[in-house]
Amino acid sequence: MRQRHRTLRLLASLLLVTAVGASLTGATPAPPAATPLDRVIPAPASVAPGGSPYRITDRTRIRVDDSREARRIGGYLADVLRPSTGYRLPVTTHGDGGIRLRLAKGPYGDEGYRLDSGRGGVTVTAGRPAGLFHGVQTLRQLLPAAVEKDSVQPGPWLIAGGTVEDTPRYAWRGAMLDVSRHFFGVDEVKRYIDQLALYKFNKLHLHLSDDQGWRIAIDSWPRLATYGGSTEVGGGPGGYYTKADYKEIVRHAAARHLEVVPEIDMPGHTNAALASYAELNCDGVAPPLYTGTQVGFSSLCVPKEITYDFVDDVVRELAALTPGRYLHIGGDEAHSTPHADYVTFMDRAQATVAEYGKTVVGWHQLTGATPVRGAVAQYWGLDGTGAAEKEQVARAARNGTGIVLSPADRLYLDMKYDAGTPLGLSWAGYVEVRRSYDWDPGTYLPGVPASAIRGVEAPLWSETLENSDHIEYMAFPRLPGVAELGWSPAATHDWDRYKVRLAAQGPRWEALGIGYYRSPQVPWPAAG
């Protein structure tokens with residue numbers, strides 16, 4: 001018995017020495033596990049985990065097909081990975097293993113992809129460049145959050161083993177930025193584009209005109225920008241995009257597979273234009289510039305023929321600058337335009353958009369006129385919007401009008417989270433993270449066929465927002481949920497699982513320098 005006690009004491013002493021030695025020498029803890037394949041946002045359509053992870057090292061190459069699109073996407077991925085890993089990561093068309101980006105025929109559609117990962121490497125395969133780019137975003141999210149930093153980090157850089165097969169639920173996954181109430185410069189817009197790309201958005205809707213400011217240069221009506229763009233809410237200096245500026249925004253968006261949808265809001269929300277040119281007013285008198293936040297008081301003069309010369313010139317010049325398919329003509333809150341005049345105006349404006357080869361988009365009040373064949377109506381009503389208004393939209397949808405859903409009490413990113421939110425408005429109520437996420441676009445509007453839903457879009461109005469910090473605080477953490485509503489299959493939708501995935505994004509945003517709202521509904525990791 002005495003020998004047994006001596007043996008136990010000896011073992012205990014050895015364990016204590018080992019523990020003390022480990023603490024004194026700073027023994028390296030076990031390396032972190034790879035991020036599970038199903039931890040990304042938006043949730044992929046199909047995930048099959050299995051096998052060993054791939055580890056990016058100083059020997060890793062990014063191997064691409066010999067095509068301009070694949071080389072460009074490979075260069076984009078290298079630009080993301082090089083600062084934090086410190087590795088060269090050459091982009092090449094030769095070699096084996098490493099990270100491979102390939103375009104090939106398959107069941108991927110325009111934006112789908114397949115990601116295969118194992119000890120020997122990672123391959124992203126897609127039928128089109130957009131799908132390859134979206135697959136790269138999934139690969140990026142599978143790496144530790146520190147990969148987003150702009151200085152060398154310790155790693156390790158593991159990508160979990162297995163397969164992801166993914167295609168989007170909806171073709172329209174948009175975000176709108178209001179640059180009219182407050183003006184945002186080219187670099188601020190590009191920063192937002194980069195953030196949208198991480199979550200597979202594919203539309204950037206720019207609200208380019210409103211009562212408070214006109215933000216795009218029009219050669220045939222130059223005072224629209226130089227005078228109409230000279231102020232903003234609160235009386236600040238405003239600003240506008242030259243045509244070169246706008247082309248740079250379009251180019252940057254296209255490089256990240258977002259299509260720019262420009263909006264010129266008409267016939268209401270037009271005070272900046274009316275102040276710039278007296279002849280656009282029915283009485284021939286230009287009103288003063290406006291820096292408040294009220295709506296519904298302005299209107300183009302529908303009976304005047306010069307109004308349609310103005311519309312023609314603006315649409316023609318803007319369409320020539322915009323390679324995308326769509327042009328948004330607004331149409332909301334035209335309270336100062338008699339209904340008959342509204343219908344007349346929208347008929348002629350839609351015809352002008354078609355003349356210059358674009359597809360009409362309008363706010364859902366367009367359905368109170370006569371939407372042209374192929375038009376898209378953007379619904380911004382509330383859960384509690386009246387049945388008659390919802391039925392008007394549903395009737396148009398049954399007649400072939402596409403519907404993009406932007407319910408204000410769900411997806412307006414400028415709505416306050418709660419009563420204590422320092423920015424934003426609350427006319428549509430408070431919109432916390434769960435409310436923004438927890439609904440189904442496919443069944444939201446009664447009477448609208450599921451086939452009519454083109455997708456979702458998150459507007460961000462800027463009455464109270466003045467810079468990128470403001471944009472990011474209101475967009476994050478709600479923006480990724482909008483992306484998931486637009487991309488992921490309805491079967492993956494589950495708040496309790498989603499909030500865990502969302503919480504894991506927090507360190508990534510911190511690495512990217514995004515200041516976000518730490519919603520109490522989300523189990524964020526402790527601040528490190």
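Five aromatic residues make up one cluster here: Trp363, Trp380, Tyr412, Trp427 and Trp461. Keep in mind that this is a predicted model. A search of the whole structure turns up 24 aromatic pairs. I'll take two of them.

Pair one is phenylalanine 183 with tyrosine 241. Their ring centres are 4.8 Å apart. The planes meet at 45°, so this pair is tilted. Stacked would need under 30 degrees, and edge-to-face over 60. Where do the two residues lie? Phenylalanine 183 is in the loop between strand S10 (172-178) and helix H4 (186-198). Tyrosine 241 is in the loop between helix H5 (223-226) and helix H6 (243-255). The pair therefore ties together parts that are 58 residues apart in sequence. Both phenylalanine 183 and tyrosine 241 are buried.

Pair two is tyrosine 308 with phenylalanine 345. This one is tilted as well, with 6.0 Å from centre to centre and 40° between the planes. Here the partners sit in helices: tyrosine 308 in H8, phenylalanine 345 in helix H9 (residues 339-355). So this contact ties together parts that are 37 residues apart in sequence.

Next, charges over rings. I have two lysines to show. Lysine 200 puts its charged end over the ring of tryptophan 487, 5.7 Å from the ring centre. Lysine 203 does this with tryptophan 172, and there the distance to the centre is 5.2 Å.

On to helix packing. Take H4 and helix H13 (residues 468-475). Their axes are 10 Å apart, at an angle of about 25°. Under 35 degrees counts as roughly parallel. H4 and H13 are therefore roughly parallel to each other. Which hand does the crossing of H4 and H13 have? The crossing is right-handed.

Now the covalent link. How many disulfides does a search of the whole structure find? One. The disulfide joins cysteine 282 to cysteine 301, with S to S at 2.0 Å. The torsion about that S-S bond is about 100°, so the disulfide is right-handed. Both cysteines lie in the loop between helix H7 (271-276) and helix H8 (305-321). The bond therefore ties together parts that are 19 residues apart in sequence. The two ends have contrasting surroundings. Cysteine 282 has 56% relative accessibility, so it counts as exposed. Cysteine 301 has a relative accessible area of 3%, and is buried.

Backbone next. Start with the cis peptide bonds. One runs from isoleucine 41 to proline 42, with omega near 0°. Proline 42 lies in the loop between helix H1 (2-25) and strand S1 (46-49). Another cis bond runs from methionine 266 to proline 267, where omega is near -10°. Proline 267 is in the loop between strand S14 (259-266) and H7.

Then positive phi in residues other than glycine. Leucine 89 is not a glycine, yet its phi is positive, about 45°. Where is leucine 89? In the loop between helix H2 (68-85) and strand S4 (91-92). Leucine 89 is buried, with a relative accessible area of 0%. Glutamate 333 has a positive phi too, near 50°. That residue lies in the loop between strand S15 (326-330) and H9. How does glutamate 333 count at 18% relative accessibility, buried or exposed? The cut-off for buried is under 20%. So glutamate 333 counts as buried.

One glycine to finish. Glycine 98 lies in strand S5 (residues 98-103). Its relative accessible area is 12%, so glycine 98 is buried. Which distance separates glycine 98 from isoleucine 62 in space? From C-alpha to C-alpha, 6.2 Å. In sequence, glycine 98 and isoleucine 62 are 36 residues apart.

Note on methods. Residues numbered from 1 in each chain as written. Predicted model: local features only at pLDDT ≥ 70, side-chain atom pairs only at ≥ 80, totals over all residues. Heavy atoms only, no water. Disulfide = S-S within 2.5 Å. Helix = DSSP H or I, 4+ residues; strand = E, 2+ residues; numbered from the N terminus. Buried < 20%, exposed > 50% of the residue type's maximum accessible area, 1.4 Å probe, protein only. Phe/Tyr/Trp six-rings, centres within 6.5 Å; stacked < 30°, edge-to-face > 60°. Lys NZ or Arg CZ within 6 Å of the ring centre and 35° of its normal. Axes fitted to C-alpha atoms, helices over the stretch in contact; angles between N-to-C directions. Parallel < 35°, antiparallel > 145°, perpendicular 65-115°, else oblique. Left-handed = near helix turned anticlockwise from the far one by under 90°.
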